[in-house]
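Visitor: I have a model open and would like to learn how to read it. Could you take me through it feature by feature?

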Amino acid sequence: MKPLIVFSMLLLSVAAPPAAMTVSPVPFPFGHKTSVPYVVADGSGGFAVSWFDRDAKALTFAHYDGAKWSKANVIARGSLLDNRADYPSIALAGRTLFAQWRESFGADGTKIRLARSSDGGVTWSKPVAPHPAIEREFGFVSMLPLVDGSARIVWLDGRASVHEGEGATQLRAATMTPSGTLADDALVDGRVCDCCQTALAMTSRGPLAVYRDRSDKEVRDIAIAAPQANAHSVSVHIDGWMMKGCPVNGPRIDARGTNVVVAWFSAADEKPAVNVAFSRDGGATFARPLRVDAGHPSGRVDVVLLDDGNSAVVSWVQRAGVGSHVMARRVTATGSLGAPQKLGSSTSIGFPRIARSKDSILAAWSGDDGIQLASINSRIR
């Protein structure tokens, strides 16, 4: 049995709710046959957005400075998998970019492809895979750029799965070096949920990975660990969600210094909820979670920490008839909730992603007529 976390005592106080956020639609000028967007901040108020171009069968990205777009740049093309849950993504540090996507392998397997660019995405290294060339399922990658020009990578790894229901999916980690090669392969957790997204963030104490764990009794709560061999994983909270199948609903994390925030979905006791928990000690302990959804959530969360380290903006998907709404609200560590705000609606939203760059948050999701975007003013008031 894995050790359970000891919760820090964060006293909740009655406080006025945060001021309403300003939400504005953002035009996306790259066509209607686009899907699975991913957004990262460039650190100067702008963003890089990647997506799958269904006409060109290509993983593509462009830069958005808050007012105008750059031209689109192709990262990879060919037999890429367009999957709304296990989507491609990018990571950015200055002019260094990392990209990941999946391709089919054999009759039933998939393989991860990783590439690096040191010139802003003009040219890319030869794609590499962080796992053996065997016909298994590999995917759900997260990437975290490091100061030396490398990136820490985590993914769900099926090398130990032999047949359906036998073996276990692992969480593994590796480093993509500045030369585009892989090093430091490590087993982080030997038994995790099979198809929930992973996430990474950097604290002042080092990188942290969050993921949905899986006990031998099929309890699938959220765990956190350093992405390294022999990692000491702990539970963010003991939801006790027992489920025989994978919910396809992973957590998200953001951090600044020793302030950490994690958001996740749980349906323990058949009560669906979107939860957020804050940590003041670099993820060693967490305060009790705050429920932030406005009812009828289907999860698919994301979260960004604001400059004060005491509040965050969380997004999620809410069921609405035959479609769904993309929702967002601000939450503070003391338990104050801003008004829930609808960012958009679709029948095929997928997994909305958000990123914060200075005072702006950019949200992206798959709409019925291509990718949809919204800008949120996150200035603390």
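Visitor: Let me start with Val36: is Val36 buried or exposed?

Guide: Burial is read from relative accessible area: buried means under 20%, exposed over 50%, and partly exposed in between, using a 1.4 Å probe and protein chains only. Val36 has a relative accessible area of 6%, so Val36 is buried. Keep in mind that this is a predicted model, where local features need pLDDT of at least 70, side-chain atom pairs count only at pLDDT 80 or more, and totals for chains, interfaces and linings use all residues. Residues are numbered from 1 along each chain as its sequence is written, and side-chain values use heavy atoms, with hydrogens and water left out.

Visitor: Where is Val36, and what is its phi?

Guide: Strands here are DSSP runs of E with at least two residues, helices are runs of H or I with at least four, and both are numbered from the N terminus. Val36 sits in strand β2, residues 34-41. Its phi is near 40°, a positive value in a residue other than glycine.

Visitor: Which loop holds His296, and what is the phi of His296?

Guide: His296 is in the loop between β20 (290-291) and β21 (297-305). Its phi is positive, about 60°, although His296 is not a glycine. With a relative accessible area of 54%, His296 is exposed.

Visitor: How many helices and strands does the protein have?

Guide: The count is zero helices and 27 strands.

Visitor: How do I judge the overall fold?

Guide: For 381 residues a compact globule would come near 21 Å, and the protein has 19 Å, which agrees. Along the principal axes, the C-alpha atoms fill a box of roughly 55 × 50 × 45 Å. Buried residues account for 58% of the 381 residues.

Visitor: How are contacts defined, and what share joins residues at least 24 apart?

Guide: A contact means heavy atoms within 4.5 Å. Of the contacts between residues at least 6 apart in sequence, 49% join residues at least 24 apart.

Visitor: Could we try that on Ala263? Which residues does Ala263 contact?

Guide: Leaving aside neighbours within four places in sequence, Ala263 is in contact with Pro251, Arg252, Asn275, Val276, Val301, Val303 and Val314. Ala263 belongs to strand β18, residues 259-266, and counts as buried at 0% relative accessibility. For a distance across the model, take Thr123: Ala263 and Thr123 are 140 residues apart in sequence and 35 Å apart in space, C-alpha to C-alpha.

Visitor: And what surrounds Ala199?

Guide: Ala199 lies in strand β13, residues 199-203, and is buried, with a relative accessible area of 2%. Its contacts beyond four places in sequence include Pro251 and Arg252, along with Ser142 and Ile253.

Visitor: How should I read a polar contact? Which side chains make one with Thr110?

Guide: A polar contact is a pair of N or O atoms within 3.5 Å; within protein, one must be able to donate a hydrogen and the other to accept it, and residues adjacent in sequence count only if both atoms are side-chain atoms. The side chain of Thr110 makes one with the side chain of Arg102, at 3.5 Å, and another with that of Glu137, at 3.3 Å. Thr110 is in strand β8, residues 109-117, and counts as buried at 7% relative accessibility.

Visitor: Where is Ser150, and which side chain is its polar partner?

Guide: Ser150 is in the loop between β9 (138-145) and β10 (151-157). Its side chain makes a polar contact of 2.5 Å with the side chain of Asp148. Ser150 is buried, at 2% relative accessible area.

Visitor: What about Asp307: is Asp307 buried or exposed?

Guide: Asp307 is exposed, with a relative accessible area of 54%. Asp307 is in the loop between β21 and β22 (311-320), and its side chain makes a polar contact of 2.8 Å with the side chain of Arg356.

How values were computed:
Rg over C-alpha atoms; globule rule 2.2 N^0.38 Å.
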